[in-house]
Structures are given as C-alpha cells and as structure tokens.
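Here are a few friendly notes for you to read beside the model. Please keep the viewer open as you go through them.

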Amino acid sequence: MEDKLSQQSKLEFENLVEETSHFVRTTFVSRHKKFDEFFRELLENAEKSLNDMFVRTYGMLYMQNSEVFQDLFTELKRYYTGGNVNLEEMLNDFWARLLERMFQLINPQYHFTEDYLECVSKYTDQLKPFGDVPRKLKVQVTRAFIAARTFVQGLTVGREVANRVSKVSPTPGCIRALMKMLYCPYCRGLPTVKPCNNYCLNVMKGCLANQADLDTEWNLFIDAMLLVAERLEGPFNIESVMDPIDVKISEAIMNMQENSMQVSAKVFQGCGQPKPAPALRSSRSVPENFNTRFRPYNPEERPTTAAGTSLDRLVTDIKEKLKLSKKFWSTLPYTICKDERVTAGSSNEEDCWNGHTKARYLPEIMNDGLTNQINNPEVDVDITRPDTFIRQQIMALRVMTNKLKNAYNGNDVNFQDTSDETSGSGSGSGCTDDICPTEFDFITTEAPSVDSDRREVEASATQPSRSLPTLLVIFIILVLQRQWR
C-alpha cells in the first residue's frame, strides 16, 4: 500500500507541476509560432510585391536579371532561419551584382569581360551609383533582422526551457514528503482534511528547490526579451523595413539611371576603355523600358499585412504575456498550494492537516532555492548536489540573454550552436556546482572556450618574439585554467 501511495503521490505532483506551468509553456509555443508565421509571410509578401512591380515596370529586362533579387530574399530567409549569413557582406554583394548588371544595360555598345565587371563592382562604394539608399538600407535591414531573428530564437529557448523544467523528477525524499502530506490523513481517519497551506509550501519548496534557482536567470532572460521587443516596435521594426523595400531598391535604380553618364565615365577612367561590342549589338541603345519611372502600388493595392496582424500588435501581445511569466519558477510552490484540490487554503489555518494531526502548522516557511532548504522540516534535501539538468537550462538562458543584449545594441550574433545551447549540452553542461566559473559571465557573443582560444592565437600571432621562459609560464597558466574549468 505504501508503495502504491508513493507512486500515486509522485504522479499527482508531476501532473500538478505540468498543469500549473501550462500557461507559461503555451505562451512561448503559441507566440513563437505566430511570430515565425508573421516573419516568413512578411518576407514572402515583400518578395512578391517587388517581383510584381518590377515585372510591371521593367518587363523583360527585370525578368532576365531577376535572380539577383531572388538571391537577396533567399539569403535573407536563410539568415532568419539560422543560416551562417553575414548580412552586411550579403547586402554589399547584392549591390555590387546589381551595379554589374545595370552597367552592362546602360552601356550596351561595349563588351565587358568578367574581369572588367569585377573591376566595376569594386567602384560601388567609391562611386555611390545608387545614392545613399544602400547605406541606409544596410543599417535598417541588419538591425531589424538581427533583432527579429534573435527574438524568435529567444522564444524558442524560452519554450524549450519551460517544457523541460516543467517535467520534474522528484527525489525519494520529496516523494516521501508528498505521500505524508497527501495520504497520511487517510491513515489517521481524516480523509476529508486537506493539508495546511504553509505545510504545503514547505513541501513544494523542498521538492522544487532547483526549479526556484532558475528564477534569477529566467527573469534576466525575460527582461532582455522585453528590451528587444521594444526595439522591434521602434527603430528596428522589421515590417517598416521590408514593406517598402521594393520602392527603396527602385529609388536606387533610378539614382543609377540619372547618374549613368558620370558613373560610366569614372569606371572607364579607373578600369580602362572597354572593347566595342560586335556589330550586331553596337546599334543597340539603352532599352526604352529601362528608363521607365517606377510606379509603386497605391496603398489599397498593397498586399495585406502578414499573418493577419501587424508587428506592433504582435509584439504588444507577446510583451504582455512575457511580463506575466516573470518570477514564475519561484512562485510555482505558491501557485500549486493555492489550488483548492491540494490544500485547505490560507484562510483555514486551524482545521487542516499539519503532517501529524488536524491542527495549525507551526514551523516557519522556508525561503526559495536549494541552499535555503538546509533546515526544511518536511523534505530531506541534499543542498550539496544541485540538479545538473536545471544548471544546464540556466546556462542556456544565460547564453540567450547575452545574445539578446547584443541584438538590442544592433550587434549580430552567431546561432551556429543553438541546438547545443537549448538542449543544455553546450559549454554550460559542465557547471554542476553552485558557483560557475566567471568566464560564463559572457561579454562576447561566442562560446567562452572559443573566445579564449582565439585570444591566445591572436596574442601569439602579435608577439612572435616571446622568450622561452615567458611562453613556458603562459603554457602553465593555460593548463591550470583548463583544470579549473
């Protein structure tokens, strides 16, 4: 019977935690899905809008060169989905390729070799053939995409951490305390008497001590998510960047058309006079429809907003839900013990089960977290053995928080190792005691071991003339550092 009641207590506890954490888990699942759907549809709408209007404006000329624009959107999508794409380099490459194509169109009387076109592309920054559009667009696109990608990645990490931490594995000491709280009244002939609220709190604080330790890092993560959300509503708004991107690119093309004579003259001066085209092509002039003025959609013709919402509405909704999830893990025992199915409630302090009889529960309520359970009167907790799994989730949150802070400042972040971080098998998995090495207080966006190696390589590269004793000292320090880790 005792074995059966132990199993029943364990099952009820696991179900309680899963039910209570349902809100925070579904918040991240549903908002991640909505934001991801919105972002992908926004990109698709922008690409379709550009394609439709450029076909209408430039006709066959655009269609013959459309892969330049298709590649731009392909790379933007690849960046968003975690691809190893350098946004600035990719945008520079787009404008260089566009200059090459347009230079040939405005100078059809000449034949250009691959080497010559490569020389032309090198003049992109110097000549500014597209005016100030590329510079402005680069700033807007990089900031907006960095913020959006990091934000959706943050929703993913929040979802994974919440899902994993809500699946608890109670210790034997916790199961014994649960059984005593939930089923000992039956043995005393008090089957209708529910546990005292404070008694329940001490049991839950002992059983969920490691989960409570997640709270500090979880709150910092939520704060960082809210900061990036503010950026998405303001200067890093991806919708305000992508929606008119077709108009901006067309403005750049028109700048090139208007400055074509000066651009060509400077290129000929720098790259040399090109060879005339064969007789068949020499009579060709700039195609008529290439000089057509761009005609953007009227507002009512533009595609509908992505995913049936706007970025502002979406982010406002997410921010409200994120704020509600703060302090979730430290308040989890209180939320469970408020459940009328579990306790007699805080208003009924006399007629409740206190672990021994039907009377008031006298011991003080423990504080939150593992170290505060050393004197827990209800649960036998080994405070010297933090839960490695929970420490892995703390590390995943810490890494993600650092990336969110970088994104808030407009700095790019590397997501090559996101699968490791969210699973807890990344650089933090070795942190099993209360005090993690200070190297995990990240300053850079890379994993600490990579950064330290890189610094070592750079240091050795810049100082090739180190004496042997100095190198020996450095080697000993590095060995000791690895042992400390």
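1. A word on conventions. This is a predicted model, in which local features need pLDDT of at least 70 and side-chain atom pairs count only at pLDDT 80 or more, while totals for chains, interfaces and linings use all residues. Residues are numbered from 1 along each chain as its sequence is written, and side-chain values use heavy atoms, with hydrogens and water left out.

2. The largest pocket holds about 410 Å³ of space. Here a pocket is an open set of points on a 1 Å grid over the protein atoms alone, where a 1.4 Å probe fits and protein lies on both sides within 12 Å along at least five of seven lines. Grid points are joined across faces, edges and corners, and the volume is the space filled by probe spheres set on the points.

3. Its lining has 27 residues, and S169, T171, C207, N210 and D387 lie nearest the centre of this largest pocket; a lining residue has an atom within 4 Å of a point. At least two lining residues come from each of α8 (133-165), α9 (172-187), α10 (197-207), α11 (209-213) and α19 (388-408). Helices are DSSP runs of H or I with at least four residues, numbered from the N terminus.

4. By class, 14 residues of the largest pocket's lining are nonpolar, six are polar and seven are charged. Ala, Val, Leu, Ile, Met, Phe, Trp, Tyr, Cys and Pro count as nonpolar, Asp, Glu, Lys and Arg as charged, and the others, Gly among them, as polar.

5. Now to the second largest pocket, with about 300 Å³ of space. Of its 16 lining residues, E12, L182, Y183, R341 and V342 lie nearest the centre. The elements that give two or more residues to this lining are α1 (2-20) and α9, and α9 supplies the largest share, five residues. The lining of the second largest pocket divides into ten nonpolar, two polar and four charged residues.

6. How many disulfides does a search of the whole structure find? There are four, a disulfide being a pair of cysteine sulfur atoms within 2.5 Å. One of them joins C119 to C271, with S to S at 2.0 Å, and this link is left-handed, with -90° about the S-S bond. C119 lies in helix α6 (residues 114-121) and C271 in helix α15 (residues 260-271), so the pair ties together parts that are 152 residues apart in sequence.

7. C196 and C352 are also joined, S to S 2.0 Å, and here the link is right-handed, with 90° about the S-S bond. C196 sits in the loop between α9 and α10, and C352 in the loop between α18 (328-338) and α19, 156 residues apart. Both C196 and C352 are buried (under 20% relative accessible area, with exposed over 50% and partly exposed in between, using a 1.4 Å probe and protein chains only).

8. C200 and C337 form a disulfide with their sulfur atoms 2.0 Å apart; its -85° about the S-S bond makes the link left-handed. Because C200 lies in helix α10 and C337 in helix α18, the pair ties together parts 137 residues apart in sequence. C200 counts as buried at 0% relative accessibility, and C337 counts as buried at 1%.

9. C184 counts as partly exposed at 27% relative accessibility, whereas C187 counts as exposed at 64%.
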